[in-house]
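Good morning, and thank you for making the time. I shall take you through one structure, and I would ask you to keep the model open while I speak.

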Amino acid sequence: MAIRIRPVRRQDVARLAALLDQLGYPTDDAAVHERLTYWSNDEASVLLGADDDGRLIGVAALHVCPMLEVTGRFGRVVALVVDDRYRSQGVGRSLMAEIERRAHAAGCIMMEVTSGGHRESAHRFYAGLGYQDTHARSKRFTKFLTADTKAPG
């Protein structure tokens with residue numbers, strides 16, 4: 001398997017929708033097409049794919065945020081998914097390495113990733129990459145601003 005990390009393209013819409021479904025966020029091609037539009041127009045965001053011979057097999061999404069409390073930026077991994085047939089083969093590590101490289105190049109001094117409490121294998125994966133679980137010293141609060149938005153199941 002020769003994995004290549006590359007930007008996600010319009011031609012990837014159907015595969016991206018399938019990957020998001022595997023991540024637990026069912027969607028359709030039209031919604032993914034719309035999301036690709038705003039992701040591609042956001043200079044602070046990067047959407048990378050892992051490609052195996054032209055087939056999108058994984059995706060990592062990075063958003064770079066400026067920090068006010070200290071000088072610098074932080075990178076937030078807002079999504080990471082690898083096709084279930086390709087897991088535990090280094091694809092996620094390759095995506096994260098490139099995301100971290102790009103975050104560092106953008107001036108990030110730290111990275112952040114959130115993961116649902118039920119995703120124990122993902123937690124082990126991130127810990128293996130050197131990420132620390134900081135939930136004991138900080139909390140995360142969210143609020144939906146539209147009535148039609150539902151929390152993922």
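This is a predicted model: local features need pLDDT of at least 70, side-chain atom pairs count only at pLDDT 80 or more; totals for chains, interfaces and linings use all residues.

I begin with two tyrosines: Tyr126 and Tyr131 are both buried, where buried means under 20% relative accessible area, exposed over 50% and partly exposed in between, with a 1.4 Å probe and protein chains only. Residues are numbered from 1 along each chain as its sequence is written, and side-chain values use heavy atoms, with hydrogens and water left out.

The structure holds one aromatic pair. The ring centres of Tyr126 and Tyr131 are 6.1 Å apart and the planes stand at 65°, so the pair is edge-to-face. The criterion for Phe, Tyr and Trp (its six-membered ring) is centres within 6.5 Å; planes under 30 degrees apart count as stacked, over 60 as edge-to-face and the rest as tilted.

Next, the cysteines. There are zero disulfides in the structure, a disulfide being a pair of cysteine sulfur atoms within 2.5 Å. Cys65 is in no disulfide, and the nearest cysteine sulfur, that of Cys108, is 8.0 Å away, too far for a bond. Cys65 is buried, at a relative accessible area of 17%, and Cys108 also counts as buried, at 8%.

I turn now to helix H2, residues 29-40. Helices (H or I, at least four residues) and strands (E, at least two) are DSSP runs, numbered from the N terminus.

The buried residues of H2 are Ala31, Val32, Leu36 and Trp39. Seen down the axis, they fall within an arc of 140°, so they line one face of the helix; the arc is that of the directions from the helix axis to the C-beta atoms. On the other side, Ala30 and Glu34 are exposed. The buried residues pack against helix H1 (13-23) and strands E2 (45-52), E3 (55-66) and E4 (73-82), contact meaning heavy atoms within 4.5 Å.

Finally, Asp83 lies in the loop between E4 and helix H3 (91-105). Asp83 is buried, with a relative accessible area of 0%.

Note on methods
The expected span of a helix is 1.5 Å times one less than its number of residues.
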